[in-house]
Amino acid sequence: MTSLLAESIGGAAAVLTTFCWVPQALRTIRLRETRAISLSAQLTFGSGLALWLAYGVLIGSWPLILANALSLALVSLIVAMKLRYG
């Protein structure tokens, strides 16, 4: 697989998996409703994102770095809202 093709696939995956969290974050901010959100699942997922981010930094992969940094920010926002509004 060529490097350009691999980076394009990685970039597309990064966009899709990152922006899937935007509706949840916006809904959580707007409604302040977090009862149905699992804190343990969000914390586990956030930990995985932090590790993927570290991995992306170590290998210098911009799709991994950008996607996981943005996803981690969104999941952290959801966790903060869950902690505040229960």
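Mentor: The cut-offs are under 20% relative accessible area for buried, over 50% for exposed, and partly exposed in between (1.4 Å probe, protein chains only). Keep in mind that this is a predicted model, where local features need pLDDT of at least 70, side-chain atom pairs count only at pLDDT 80 or more, and totals for chains, interfaces and linings use all residues. Residues are numbered from 1 along each chain as its sequence is written, and side-chain values use heavy atoms, with hydrogens and water left out.

Trainee: Where is T28, and with which residues is T28 in contact beyond its neighbours within four places in sequence?
Mentor: T28 sits in helix α2; helices (H or I, at least four residues) and strands (E, at least two) are DSSP runs, numbered from the N terminus. Leaving aside neighbours within four places in sequence, T28 is in contact with E33, T34, I37 and M81, where contact means heavy atoms within 4.5 Å.

Trainee: What does the side chain of T28 reach at 2.7 Å?
Mentor: The backbone oxygen of Q24. A polar contact is a pair of N or O atoms within 3.5 Å; within protein, one must be able to donate a hydrogen and the other to accept it, and residues adjacent in sequence count only if both atoms are side-chain atoms.

Trainee: Why does T44 count as exposed?
Mentor: Its relative accessibility is 55%, so T44 counts as exposed. T44 belongs to helix α3 (residues 39-59). I59 is also found in helix α3, but at 47% relative accessibility I59 counts as partly exposed.

Trainee: What makes E33 and R35 a salt bridge?
Mentor: The rule asks for a side-chain nitrogen of Lys or Arg within 4 Å of a carboxyl oxygen of Asp or Glu. In E33 and R35, the closest N and O atoms are 3.4 Å apart, and the two form a salt bridge. By this rule the count comes to one salt bridge. Side chains of opposite charge can pair when their charged atoms come close. R35 counts as exposed because its relative accessibility is 68%, while E33, at 28%, is partly exposed.

Trainee: How do you know that the span of helix α4 agrees with its 24 residues?
Mentor: The expected span is 1.5 Å times one less than the number of residues. For α4 (residues 62-85) that gives 34 Å, and the end C-alpha atoms are 34 Å apart, so the two agree.

Trainee: Which elements cover the buried residues of α4?
Mentor: The cover includes α1 (3-19), α2 and α3. Among the buried residues of α4 are I65, L74, V75 and M81. G86 follows α4 and has a positive phi, near 65 degrees.

Trainee: And how many helices and strands are in the protein chain?
Mentor: Four helices and zero strands, in the pattern α-α-α-α along the sequence. Of the 86 residues, 28% count as buried.
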